[in-house]
Amino acid sequence: DLLDPGHAATDQADPGLVPETRDEPGSFLPPPREAGDLVPMSAEDVVGRVGVLAQGAQMGLEYEALLAFLASPEFTPDALEPLRPLVRHLTTRRFGYERMLGSLLRIALDGGGEGAESPLASGTAWLESENMPTLLRERIIEVVGLVERGQRYHLLATPTDDRGAVNPLTLVRRALDNGDAAHLPADLTQALLRVDTEHPDCAAALALVEEREAELPAAARIRLALEGAVRRRAEGYLSSLSVMWEGRPAYESRSGQPKVARDGSPVYAFFTPRVVGADTGATGPELGALADIASASGDFSAHRYLYPASVRHFAVCLIASQWYVLDSTQLTADCYRALCEHGGRWDSLSAQLLGQAIGEREVESRALGVETLAALVARGDLAFDEAVAGFEAVAHTVKLNRWAQAFEDLGNLDPRLALDLALALLPGLERGRTGIGQLLGVVTAQYARAQAEGWAPPLGEDLVGWLGLFRGSSQAAKYARTLKEMSQ
């Protein structure tokens, strides 16, 4: 069963379940996740690709390809001549990444703006006014400096696949192709954060470093990265980060006093996340870059590809820089889509955002969360207990009526996952919350289906005790009694 890796990840039983071998529903089989190779930008396709890039001007993979092309030995300014009208249009923008793109292209064409004392000074002025990760800013300045000096260089950090990772053998070969040229500090730092140490070529890359160490200006740092030292430090730092969900009080409309529940506990209007630990222990260039999580208010692409091995890093960046950028939604559907398409490793912290996605008002975001959750667990990319931990961490912040709809949709996609996850989460929910009846109704219907098909799990003691606390004639109480009786 494809779901077994998730359930076997811990010896601890989920609180709502009793482990038992049983007949299973048909397994959900998502397509395998495969990384695709990136095509370098060239003189033949630069005009068309930059035209598409200018429509959104995101600091993603195509921007990376452009930076690499402008710095490469293959670049000549005449390749950009057909783009002059576009450059004029982009540089008339008062601010934003479109203006940055136009300024970069103008420097590549002409060496900077009119009357500028130096092209490099002209090129960095607009960078200082934009909110972006410091490492990316420094890398763009490095490329502008290369163009200004007419120097050609194989950028080390340019991704080789659509996850944003760099092939280790390609990294070493690029460094060798640069000869005795001094490495670019920001470019090297980004390359070491991106190099794929799990790639089959890693052993050959290390052997090449040993063989030609005298020809590599940064041989020691490259070797450490290929041996996994940078990855271990990065993972250690990221594992120290956590997210706190802080409630904002709801107020009575007439008195203006904070609302309280019947039991005297505060009522919260909404919750906001706070990343804890980002400023602690971030020493050295690589960890310093990882700690820069809040500096991309307009475009999250720069964060997405900074450390492609980990979804956790991108998740905390989204929380720190994109939360409620639009008043109508916590994260936009584009943010959730980028998260769901991330090729790195998932864990309980990144799974928290899947729990938020299926609780969003927008149907698109909920669908992204449901489909991604099912695919990740089925492929074994997200352990079941990690999914439970992530959802438990945000359960008190979401609207349960939206979760009810999402669990119904998940049940249509992967019945076992939907039921097991819901049964594991129910004992931790407050019984008096709005929407609890709708969620219980969905779970009861799914349990009845499982019973009819012969694979319903016996309920755990925690869940049976929680169901027994419901009293009265409310719909939630009726569903609770029904669910409890079905398991007996």
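I take "buried" to mean under 20% relative accessible area, "exposed" over 50%, and "partly exposed" in between, with a 1.4 Å probe and protein chains only.

**Entry 1: ground rules**

I note that this is a predicted model, in which local features need pLDDT of at least 70 and side-chain atom pairs count only at pLDDT 80 or more, while totals for chains, interfaces and linings use all residues. I also note that residues are numbered from 1 along each chain as its sequence is written, and that side-chain values use heavy atoms, with hydrogens and water left out.

**Entry 2: the whole chain**

I looked up the overall make-up, and the protein chain has 24 helices and two strands; these are DSSP runs, numbered from the N terminus, with helices being H or I of at least four residues and strands being E of at least two. Of the 488 residues of the chain, 53% count as buried. I then turned to contacts, where contact means heavy atoms within 4.5 Å. Among the contacts in the chain with a separation of 6 or more, 73% are between residues 24 or more positions apart.

I looked up H5, which covers residues 97–110 and, with its 14 residues, reaches 20 Å from first C-alpha to last, close to the 20 Å expected at 1.5 Å a residue; the expected span is 1.5 Å times one less than the number of residues. Because 11 of the 14 residues of H5 are buried, this helix is largely enclosed by the rest of the structure. The buried residues of H5 include Tyr97, Glu98, Met100 and Leu101. Just after H5, I found that Gly111 takes a positive phi of about 90°.

I next looked at Arg84, which is found in helix H4, residues 84–91, and is partly exposed, with a relative accessible area of 26%. Leaving out residues up to four places away in sequence, Arg84 touches Leu109 and Asp110. The C-alpha atoms of Arg84 and Arg106 are separated by 8.0 Å, although these residues are 22 apart along the chain.

**Entry 3: helices H15 and H17**

I kept in mind that two packed helices are described by the angle between their axes and the distance between the axes. The axes are lines fitted to C-alpha atoms, for helices over the stretch in contact, and the angles run from 0 to 180 degrees between N-to-C directions. Helix H15 (residues 311–322) and helix H17 (residues 348–357) pack at an angle of about 50°, with their axes 8 Å apart. That makes H15 oblique to H17, since angles under 35 degrees count as roughly parallel, over 145 as roughly antiparallel, 65 to 115 as roughly perpendicular and the rest as oblique. On the H15 side the contact is made by Val311, Arg312, Ala315, Val316, Leu318 and Ile319, and on the H17 side by Leu349, Ser350 and Leu353. Sorted by class, this contact of H15 with H17 has seven nonpolar, one polar and one charged residues.

I then checked each helix alone. H15 has 12 residues and reaches 15 Å from its first C-alpha to its last, close to the 16 Å expected at 1.5 Å a residue, and 11 of its 12 residues are buried. Nine of the 10 residues of H17 are buried, so H17 is largely enclosed by the rest of the structure. What covers the buried residues of H17 includes strand E1 (242–249), H15, helix H16 (333–340), helix H18 (363–379), H19 and helix H20 (400–413).

I found Pro308 in the loop between helix H14 (301–304) and H15. Pro308 is buried, with a relative accessible area of 5%. Not counting residues up to four places away in sequence, Pro308 touches Arg163, Gly164, Ala165, Leu193, Arg194, His342, Gly343 and Gly344. I also noted that the C-alpha atoms of Pro308 and Arg345, 37 residues apart along the chain, are separated by 8.8 Å.

**Entry 4: Ala302, in H14**

I looked up Ala302, whose place is in helix H14, and found it buried, with a relative accessible area of 11%. Apart from neighbours within four places in sequence, Ala302 is in contact with Met59, Pro133 and Leu136. Ala302 and Leu61 are 241 residues apart in sequence, and 9.0 Å apart in space from C-alpha to C-alpha.

Notes:
Nonpolar A, V, L, I, M, F, W, Y, C, P; charged D, E, K, R; others polar.
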